[in-house]
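Thanks for coming, everyone. Let me put the structure up, and then I'll walk you through it.

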Amino acid sequence: MLSLPQISGRETFDGLVRKLSIFFVSAIQTPQEWQQLQRDVYGSSLKWLIKYLVNDVDHPSIICALLALKWHFNAIESDDDRGINESRGLACELVAWRLIMYKSHTEAIDSLCCDLPQVSKASVEDAARLAADVERCDEDEDLLTERSPLLDEGRATMEDSFYDEDPSDSEYAEQSNFAATFAGLNALEIAAVSDAKKFLSQKAIQRIIDGIWNGDIAFWDSMDRNSVKQAKVYRRTDADPYCRLRVPLFLKVFEMMFFAAFLIFYYIVLVQKHSEHISGPEVMMYIWLASFTYNELGEFLDAGSAFYASDFWALWDVAIILTGFTFFVTRVVGLYTNNRATADFAFDILSIEALFLVPRIFSVLSILPYFGMLLPALKEMTKDFIKFLGLTAILYLGFSTGLAFLARGTFTFAQMNWILIKVFFGSSYLGFDAAEKISPVLGPFLMVIFCCLTNILLITSLISLLSNTLTKVQQHSRDEYLFVYAVYVLEASTSNRLTYFLPPLVSDNSIFINITFQTWGRAQSPCGDTCGPVALQRRR
């Protein structure tokens with residue numbers, strides 16, 4: 001039987017992850033799927049770890065440590081051809097989920113929604129001293145003398161984990177790298193960063209996420225500057241009504257209102273197109289753009305780069321900001337130099353903003369199952385498409401160079417490439433018409449080969465590749481959708497700011513909440529009695 005990790009409850013976060021890593025490396029020695037872990041491995045080894053953690057361990061960061069370890073195994077999976085580290089990561093998800101099943105609703109909220117503390121240099125030194133004391137007390141834990149850090153990627157050993165590391169390689173203080181990576185994140189956010197889709201798709205976890213979305217679980221009970229962030233079941237009699245501004249459901253309503261106003265100002269500016277001066281709607285559009293930029297910066301600072309990048313719509317937000325500020329700079333230059341061409345070019349740049357702003361206003365549809373399942377599929381298909389473009393570019397460059405030199409004196413380089421682009425997208429007859437003009441001997445032969453490679457081989461291969469990607473994603477469509485939904489909710493609920501959304505609408509939001517709060521407060525949760533505050537109090 002495997003030896004269980006000896007956890008006293010005094011371990012630092014890095015020390016806790018180290019002990020759990022030793023166990024999972026020993027327990028999982030062969031590749032396993034999620035169903036196999038539940039059917040075979042759970043009964044032989046994981047069940048005893050779960051019982052031990054439930055009955056004998058009282059560490060507030062145990063769920064966070066398991067999900068952070070999932071991230072670690074995912075990070076080193078690329079160096080493992082056998083797929084064992086992926087199985088170890090799934091085992092971490094399984095244990096974390098089972099632990100939540102043993103907890104009450106209040107305990108589950110505390111375990112999933114409590115942030116890890118920030119790490120400072122002083123805390124690193126304290127952690128080193130505490131770890132030394134723990135090591136002296138735990139004489140049976142001979143593996144605790146290992147000293148190399150979890151995130152040290154420069155040292156790849158037999159299993160890429162603590163279990164096989166040389167004990168004389170580094171100092172314990174370097175372990176603070178891991179705690180610093182996830183500092184300020186709670187277990188749900190770590191699950192999103194570590195791509196723990198199986199964990200987030202379980203019903204016990206989804207009940208917590210649904211509660212956050214509907215406002216049945218609140219992180220703040222007052223709008224005071226000295227209020228402390230702590231997740232708890234919402235009670236209308238004890239909470240400040242203005243704290244409902246932080247409910248993700250309301251936040252997304254205000255967000256859609258903001259984007260609708262942004263889009264209205266955007267269309268007015270484009271339709272009027274005052275090249276000689278700045279109009280009132282254009283000033284309002286600048287205010288909206290500055291407010292949106294301020295909000296995105298706040299979200300980035302609150303969530304951190306890892307969690308911010310996990311949001312599907314983060315790239316669209318960045319594109320909106322960059323395009324908007326490019327338009328602003330070009331517009332100012334055009335007005336300052338009184339150059340009509342520059343001013344017109346500024347409005348051409350602004351037209352591109354619609355490519356990002358219009359889809360962004362409909363981002364709320366991603367909480368619906370149908371659209372929520374499509375977004376991960378589009379994301380993965382886009383990745384494969386970009387990779388495939390490399391092969392396409394290589395082939396195209398060869399034909400472009402050869403045909404351009406053959407057509408010297410007949411077509412310019414730009415004209416030849418434009419013909420090839422048209423042929424690539426299906427206008428093969430244009431290539432055949434120009435083939436003899438390119439070269440009477442080699443032109444038709446090369447053009448036939450180019451058409452066969454592009455219109456038949458490459459296009460067919462690309463369609464097959466994207467179809468396989470879509471099929472793979474659809475096999476786990478429920479997990480993918482719930483993952484997108486979880487990130488969508490967490491992105492809107494974990495801010496540490498006093499007010500959440502954008503400056504032009506803050507006062508409007510407050511007035512709206514003041515008018516409608518009594519109705520919403522007396523009404524049941526949108527999801528009915530099963531997850532509303534009344535039902536939660538009834539369960540307790």
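First, some ground rules. This is a predicted model, where local features need pLDDT of at least 70 and side-chain atom pairs count only at pLDDT 80 or more, while totals for chains, interfaces and linings use all residues. Residues are numbered from 1 along each chain as its sequence is written, and side-chain values use heavy atoms, with hydrogens and water left out.

Start with helix α15, residues 354–361. Helices here are DSSP runs of H or I, at least four residues long, numbered from the N terminus. Which residues of α15 are buried? They are L357, R360 and I361. Buried means under 20% relative accessible area; exposed means over 50%, and partly exposed is in between, with a 1.4 Å probe and protein chains only. What do they pack against? Their partners are α11 (248–272) and α13 (314–337). Contact means heavy atoms within 4.5 Å.

Keep your eye on R360. It forms a salt bridge with D317, and the closest N and O atoms are 2.5 Å apart. This pair links distant parts of the chain: R360 is in α15, D317 is in α13, and they are 43 residues apart. A salt bridge means a side-chain nitrogen of Lys or Arg within 4 Å of a carboxyl oxygen of Asp or Glu. Are R360 and D317 buried or exposed? Both are buried.

Now over to α11. K252 and E255 make a salt bridge there, at 3.1 Å from N to O. They are 3 residues apart in the helix, about one turn. Both are buried. And here the two pairs come together: K252, E255, D317 and R360 are linked in a network of salt bridges.

How many salt bridges does the structure hold? The count is 13. One more of them deserves a look. D344 and R340 meet at 3.4 Å, N to O. They lie 4 residues apart in helix α14 (residues 340–352), so about one helical turn separates them. D344 has 22% relative accessibility and therefore counts as partly exposed.

Next, the helix pair. Helix α16 covers residues 369–406, and helix α19 covers residues 443–475. Their axes come within 9 Å and cross at roughly 170°. The two helices are therefore roughly antiparallel. By class, their contact has 22 nonpolar, 3 polar and 2 charged residues. Axes are lines fitted to C-alpha atoms over the stretch in contact, and angles run from 0 to 180 degrees between N-to-C directions. Over 145 degrees counts as roughly antiparallel. Nonpolar means Ala, Val, Leu, Ile, Met, Phe, Trp, Tyr, Cys and Pro; charged means Asp, Glu, Lys and Arg; the others, Gly among them, are polar.

L374 is in α16. It is partly exposed, at 33% relative accessible area. L374 and V473 are 99 residues apart in sequence, but their C-alpha atoms are 9.0 Å apart.

Last stop, the loops. D195 is not a glycine, yet its phi is positive, near 65°. It sits in the loop between α8 (187–193) and α9 (197–200). D195 is partly exposed, at 36%. N338 also has a positive phi, about 55°, without being a glycine. It lies in the loop between α13 and α14. At 70% relative accessibility, N338 counts as exposed.

Definitions and conventions. Angles under 35 degrees count as roughly parallel, over 145 as roughly antiparallel, 65 to 115 as roughly perpendicular and the rest as oblique.
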